[in-house]
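Dear colleague,

I am handing over the structure we spoke about, and below it I have set out what was found in it. Please read the notes with the coordinates open beside you.

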Amino acid sequence: AKWGGVWALEGPRRTRYHVDIPTPGCDQRSAEVEGDSLATFPKAHGGGPGYALGAKGSKAACLRRACAGPGLRKPALVEAPTPLQAPPNGWGLGPAPGWMEGSPLRFNSVARKAFAAGGSYEGMPPGQPLLLVFGGASVNDMLRNWALHVQRLALPYVVTCMDESLFTLAGNHGMPAAIFRGGSGEEASAGPGVVTTRWKYFRMDPRAFMTMGMLKVRFFLAFLRAGFDILCADLDVLWLRDPRPWVTGQVATSALISFADIVVSTDVTSDAAENDRASWGLAQELNTGMLLLRSSPGAAVVCEAWVDRMKQEMVSIEKLPKNMLQWWSNDQTFFNEVHMRATLDGFANPKATDAA
């Protein structure tokens, strides 16, 4: 349903119970709720004690057959996943010659020069991340400030542009930039390559904001599939020191980071919840304002699932009134949903002795 929850429906009384602890795969076997049809099933016990099912009740509910009928659509059969195509040089081993020509991205002259033979980005050693930042022309000043800090540290970076105006401005200010080519074929079917809105800031428009989220992750995939590890931070995160010794595991306290497909920040600042003794904070709200992604099958699969979930949400967003502001729906919401769904489907405890 809309919030990613699972309910058990009781037919004779037309009431519903909330499945608090769904078993692995329960949501995938459940019927999909269309629109507001769930509202026709009032909460059992008025939403009081007994409405939320515990572990035993949740397990029993998940063993039931999925309902079907008005407003309820049985889940489609899940197709076998398409095998991932590794980058020409292999995962995480950097780009192959001519990679820009085969990329879905269009690069400005600053970026082409940096990545060209003899350029400042040529020969980036495997494991060294390419820094990314994203935005539109309306936040140009903040982006330039972000870029100035990165330039002082001599870090390789690319501005990923959500509109043509920023792509032009980036070139004018000497910032390497990329934007989606657009056109036809697979990239056209993936969705729009730029964000368009009547608002100055994308966040004021739920369609624009979700489009930006999808584009951001499609940028990730484009660079991951080219063989780059990437480190992306929101433009309000300024780099004051070179982060590479930490993200490559050279600093003793960060040695395990080099084994991770994805490293993400957290919104939780409680030492009891986010320290290394508590599953590295993975049970908390994860903040996509800072992400380290390895060029690996694991990171690519997560990004693909992340984009697919946002595409589903866009179907609902398109039904909203044009003047409606929606704050609860963004790319971070669905990164957490993808992560938590994997947890419910049997994701291993990374702190367990048998964790892979």
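Phe167 has its place in helix H5, and I begin there, with the reminder that this is a predicted model. With a relative accessibility of 10%, Phe167 falls under the 20% cut-off and therefore counts as buried. Leaving out residues up to four places away in sequence, Phe167 touches Arg106, Phe107, Asn108, Cys161, Ala177, Ala178 and Ile179. For Ile179, which lies twelve residues from Phe167 along the chain, the C-alpha atoms of the two are separated by 6.9 Å.

The chain crosses from E8 through helix H5 (residues 164-172) to E9, in a β-α-β crossover that is right-handed. Strand E9 (residues 177-180) runs parallel to E8 and is joined to it by two bridges, and within this pairing Thr160 stands opposite Ala178 of E9. On the other pairing of E8, strand E7 (residues 130-135) is parallel to E8 over five bridges, with Val133 having Val159 in E8 as its bridge partner. E7, helix H4 (residues 140-152) and E8 likewise form a β-α-β unit, and this unit is right-handed.

How many residues of strand E8 are buried? Five of the five residues of E8 (residues 157-161) are buried, so the strand is largely enclosed by the rest of the structure. In a regular strand the side chains alternate between the two faces of the sheet. In E8, Tyr157, Val159 and Cys161 point one way while Val158 and Thr160 point the other way, and all of them are buried. Cys161 has a relative accessible area of 0%, and Cys232, at 3% relative accessibility, also counts as buried. The structure holds zero disulfides.

In soluble globular proteins, nonpolar side chains tend to be buried together. Phe223 is in contact, beyond residues up to four places away in sequence, with Trp99, Leu105, Phe107, Leu130, Leu132, Val158, Thr160, Phe228 and Ile230. Two residues in that list, Val158 and Thr160, are those that point the other way from Tyr157, Val159 and Cys161 in E8, whereas Cys161 is among the residues that Phe167 touches. Phe107 is touched by Phe223 and also by Phe167.

A further sheet deserves a look. This is an open sheet of three strands in the order E1-E2-E4, with mixed pairing. Its edge strands are strand E1 (7-10) and strand E4 (52-53), each of which pairs on one side only. E1 and strand E2 (residues 15-19) are antiparallel and pair over four bridges, with Glu10 having Thr15 in E2 as its bridge partner.

Ser254 is found in the loop between helix H8 (244-247) and strand E11 (262-266). Is Ser254 buried or exposed in this loop? At 5% relative accessibility, Ser254 counts as buried, because the cut-off for that class is under 20%. Neighbours within four places in sequence aside, Ser254 is in contact with Pro245, Trp246 and Gly249. Lys311, which lies in helix H10 (residues 297-317), is partly exposed, with a relative accessible area of 33%. Lys311 and Thr211 are 100 residues apart in sequence, while their C-alpha atoms are 8.8 Å apart in space.

Finally, some totals for the whole chain. The protein has eleven helices and twelve strands, and buried residues make up 42% of its 356 residues. Among the contacts between residues at least 6 apart in sequence, 72% join residues at least 24 apart. The accessible surface comes to about 19,000 Å², and 57% of that surface belongs to carbon and sulfur atoms.

With kind regards

Notes: Residues numbered from 1 in each chain as written. Predicted model: local features only at pLDDT ≥ 70, side-chain atom pairs only at ≥ 80, totals over all residues. Heavy atoms only, no water. Buried < 20%, exposed > 50% of the residue type's maximum accessible area, 1.4 Å probe, protein only. Contact = heavy atoms within 4.5 Å. Areas by Shrake-Rupley, 256 points an atom, 1.4 Å probe, with all protein chains shown as cover. Pairing = 2+ DSSP bridges. Right-handed = clockwise from strand over helix to strand, strands pointing away. Disulfide = S-S within 2.5 Å.
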